[in-house]
Amino acid sequence: MKERKGDYLQLVALHKLNEGNNTFGKDTINDLVLSIGYLPSVIGNIIINDEGIQFNAAENVEVNTQQNSIIKNTELSLNEYGSSEKLYFLDLSWQIITRSKQQYLRVWDAKNRAIDE
């Protein structure tokens with residue numbers, strides 16, 4: 001458990017995603033509001049429709065893949081467990097997970113103050 005303590009303490013959000021557009025970032029206009037000082041107003045949006053799940057980064061936001069490639073938009077495929085690849089912006093990371101046939105946005109902050117506390 002000691003090794004995973006940092007992972008759990010980095011968790012800052014689990015947000016149910018709806019069909020259509022789902023935005024997230026610091027501004028209160030977002031579907032998921034993250035009260036983290038260094039974040040931009042909008043990080044991006046996740047669109048869920050019959051064609052699949054798409055992530056679109058907001059203008060001037062550099063989102064990276066695990067391979068450190070910068071992306072503006074990408075199709076988020078789900079693996080056999082219902083999870084997508086992880087995406088990154090500064091100390092924030094997120095991925096789509098599936099629970100009971102419903103998609104959620106799970107978000108981690110590597111600088112979450114709960115880690116030090």
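**Reading the labels on this model**

Student: Why is Asp-50 called exposed?

Tutor: Asp-50 has a relative accessible area of 82%. Exposed means over 50%, buried means under 20%, and partly exposed lies in between (1.4 Å probe, protein chains only). Asp-50 is over the mark, so it is exposed.

Student: What kind of model is this?

Tutor: It is a predicted model: local features need pLDDT of at least 70, side-chain atom pairs count only at pLDDT 80 or more, and totals for chains, interfaces and linings use all residues. Residues are numbered from 1 along each chain as its sequence is written, and side-chain values use heavy atoms, with hydrogens and water left out.

Student: Where does Asp-50 lie?

Tutor: Asp-50 is in the loop between strand S4 (44-49) and strand S5 (52-57). Strands are DSSP runs of E, at least two residues long, and helices are runs of H or I, at least four, numbered from the N terminus. The protein has 2 helices and 11 strands.

Student: What makes Glu-19, Asp-50, Glu-51 and Glu-75 a patch?

Tutor: Patch residues have over 30% relative accessible area and no salt bridge, and like charges are joined within 9 Å (nonpolar side chains within 5 Å). A salt bridge is a side-chain nitrogen of Lys or Arg within 4 Å of a carboxyl oxygen of Asp or Glu. Asp and Glu count as negative, so this surface patch is one of negative charge.

Student: Why is His-15 called buried?

Tutor: His-15 has a relative accessible area of 18%. That is under 20%, so His-15 is buried. His-15 sits in strand S1 (residues 11-16).

Student: And why is Phe-24 called buried?

Tutor: Its relative accessibility is 1%. That is also under 20%, so Phe-24 counts as buried. Phe-24 lies in strand S2 (residues 20-25).

Student: What makes a nonpolar core?

Tutor: It is a set of buried Ala, Val, Leu, Ile, Met, Phe, Trp, Tyr and Cys residues joined through side-chain atoms within 4.5 Å. The largest one here has 25 residues, and Phe-24 is among those with the most contacts inside it. S4, S5, strand S9 (87-89), strand S10 (92-99) and strand S11 (102-109) each supply at least two of its residues.

Student: Why are Asn-60 and Asn-68 called exposed?

Tutor: Asn-60 has 74% relative accessibility, and Asn-68 has 60%. Both values are over 50%, so both residues count as exposed.

Terms used
Accessible areas come from the Shrake-Rupley method with a 1.4 Å probe; for residues, only the protein chains shown count as cover. The place of a charge is taken as NZ of Lys, CZ of Arg, CG of Asp or CD of Glu.
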